[in-house]
Amino acid sequence: MTADLILTNARILTMDASQPRAEAVALAGGRILAIGAAAQIEALAGPDTQVIDAKGRTILPGFVESHLHLVLGGAELGHLHVAGLHGMEALREAFRRFGEAHPDRPLLMAQGADYAMLDHPVTRHDLDAILPDRPIAMTSHDHHTVWANTAALRAAGILHGLDTPHGHEVVMGADGMATGELLEFEAFAPVIALGGEARLNLGIATGEEPSPWPDAAERNLDKAKIEAGLRHCAAQGITSMVNMDGNRYTLELLREMQAEGRLTARVKVPFHFKPHMDLSALDRAEAMSRDFDDDWLQCGFVKMFMDGVVDSRTAFMINDYPDQPGHRSEPLFSQDIFNQIATEIDRRGLQIAVHAIGDGAVRTTIDGFAAAQKANGRRDSRHRIEHIELIDAGDIPRLGALGITASLQPPHPPGAMDFPLMPTLERIGRARWKDAYLWKTLADQGAALAFASDWPVTDVSVMRGMQAALTRAPYEGCADERVGLMATLHAYTAGGAWAAHREGLVGRLVPGMAADLVMIDGDVEAIAPEALGSTGIALTMCGGRITHQAI
C-alpha cells in the first residue's frame, strides 16, 4: 500500500514503549500506515504521495487537551482581555477602547481579571466609574466570579438580588442592592445572557438544553464561535479534547460541523449533572452516550462540580480558611447524595469527572468513587478528579489504589504561568502549601496523570503549559513537584488518551492508529525549558488532514 503522505527527516517520539523513536511516518486513509527509519518509510511513496521534510523537528502524537471549555473559549476570543492589567486607569482605558470598537454590543465583557487587580475588592461602583452608561462586566481568570456594573446588573434583572441554587450567589450589600460580585455560574448567567451567549453557557451553568431549540441562523452563529475555538486549538497542536461542560445541544452543533467538514479535532462532551437533578436525569446521559460514539464525537461520561475555587473561598476545605476563621465552604453535593449519584453513574457504565479543588471536595469525591466501587465491583472506569489543587496527605495514595485519574493543569499553580501568587497562597495558608498542586507526589503514589489547560481559564497553548510544568519553582519549604519532560509529554498525549478511554485510537504513533500528530518547531528534547513557551507549532494533523501549518 502506498502512502498518502510521508513526514521524514524527523525526530519522532511515538509515546509507544515498543518503538519509542523513529525518523519517518507514513499516513494513509486517515491512519498511520507505517513508522520507522527514513529509508524504510520513504519506500512507501507513490507518484501521488505528498512528502514533507521535517528538517529535524520533533513529531509527537497530536496533543490531547484533557480539560477545556471549547465553546466558551471560542466565544471569548471576541471579548476584551484584561489579564495582567492592574489599577483603575488601565482598566478604564481598556474598556474605553473596546467600547469604541464595539459601539453596538449590548454587553462589554472582559476576561482574565485577577482578584487583586485593584487594591480593594471590586464592586459595581468601581465599574461604574469606568463606564456608567453601558453594561460592562469582568470574568475572573478562574471563571468562577464575575463583576458587573450597575447598568449590567439592572439590565440582567439582578440589581436587587436573585434566588440562586446552593453554592451560587449574587452578593448583596448593606443597602439591599447587589455589590456587583457574582459567585459561580448560575449567579452570573443572567449577565452572560446580555451578550447573546446564554445558549453557549447552558452546558456549564445548568446542564439543560436551550428552549426553544435554536433555529438554523442561531446555530450558525454558535458554530462560528466553535470553529474559531477549534482553529485556535489546532494552532497549538491539539487534535483531541475533552470538553468539560456540555449538553446535547453542544454535541448536535459538533455533529453538524462534522457533516459540513468543519470538525478539526476529536471531541468528548459530557452530560453535566447538576445538584437540582435527580437520578433519572442520567437517562439523558445514557442517550447522549449511545447517540454520539464514533472516532470524532463521544459522550460516555458525566461531569460534576463538587466545589468552587480557592480565591473566592468557594473551594470546600477540611479546615478553616486561614484568612477567614470559621469558614470552610461546603460541597455542592453532600457525601450521601454524591455516593448515590456516583454509584448509579458507575452502574450504568459511564465515566465520572468531578471538579474538586479544595481538600474537602477531593476527599468527598474519593469517598464517592470508593462507594461506587464497593457497590458495583471494580471495573475499568478511570473516574477522574479535575484540578486537585489541595489534598490531605492521607488521601494521596487512595487515587492509585482506586484507579482514579488525576486530571491536572500545569498553568494553574500560582506563579507557574499567568496566575499571580496572591491571593491564592494566602487563602491556602503557608502551613498547607506543602499539600498544594502535587503532581509528582500523586504520580509517585500511583495516580495516572492527564495534563490540560482548562482553557479559557488559562492559555490553551500546550507549549506554554509544558514550560510551566518544567520550570515551576517549589513554594518555600515545599518539594519539587515537576515530573520531567517525558512524563509531561506523556501526560499531554498517551496519558490524556488513556484517561479518555481512547488509547486505542490516539495518543501514540502506532500503525493502525489515527493519523493525529503535531510537529514542534525544533527539537523538543534540546530546547531549554524556559524557551518552550515561545516555541511554535509547525504543523498539526488530525485524521491525516492538515489543520494547521506554519512551515
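Where is Leu332 found? Leu332 lies in the loop between β19 (301-305) and α11 (335-347); here helices (H or I, at least four residues) and strands (E, at least two) are DSSP runs, numbered from the N terminus. The model is predicted: local features need pLDDT of at least 70, side-chain atom pairs count only at pLDDT 80 or more, and totals for chains, interfaces and linings use all residues. Residues are numbered from 1 along each chain as its sequence is written, and side-chain values use heavy atoms, with hydrogens and water left out.

Leu332 counts as buried because its relative accessibility is 18%. Buried means under 20% relative accessible area, exposed over 50%, and partly exposed in between (1.4 Å probe, protein chains only). Leaving aside residues up to four places away in sequence, Leu332 touches His166, Gly167, Pro275, Phe305, Met306 and Asp307, where contact means heavy atoms within 4.5 Å. Met466 stands 134 residues from Leu332 along the chain, and 32 Å separates their C-alpha atoms.

The next topic is a pair of helices. The axes of α6 (residues 185-194) and α7 (residues 198-205) come within 10 Å and cross at roughly 175°. Axes are lines fitted to C-alpha atoms, for helices over the stretch in contact, and angles run from 0 to 180 degrees between N-to-C directions. The helix α6 is therefore roughly antiparallel to α7, since angles under 35 degrees count as roughly parallel, over 145 as roughly antiparallel, 65 to 115 as roughly perpendicular and the rest as oblique. On the α6 side, the contact is made by Phe185, Glu186, Ala189, Ile192 and Ala193, and on the α7 side by Ala198, Asn201, Ile204 and Ala205. By class, this contact has 7 nonpolar, 1 polar and 1 charged residues. Ala, Val, Leu, Ile, Met, Phe, Trp, Tyr, Cys and Pro count as nonpolar, Asp, Glu, Lys and Arg as charged, and the others, Gly among them, as polar.

The pockets come last. A pocket is an open set of points on a 1 Å grid over the protein atoms alone, where a 1.4 Å probe fits, with protein on both sides within 12 Å along at least five of seven lines; lining residues have an atom within 4 Å of a point. Grid points are joined across faces, edges and corners, and a volume is the space filled by probe spheres set on the points. The largest pocket has a volume of about 660 Å³. Among its 34 lining residues, Glu181, Leu183, Ser312, Arg313 and Thr314 are the closest to its centre. The lining of the largest pocket divides into 12 nonpolar, 12 polar and 10 charged residues.
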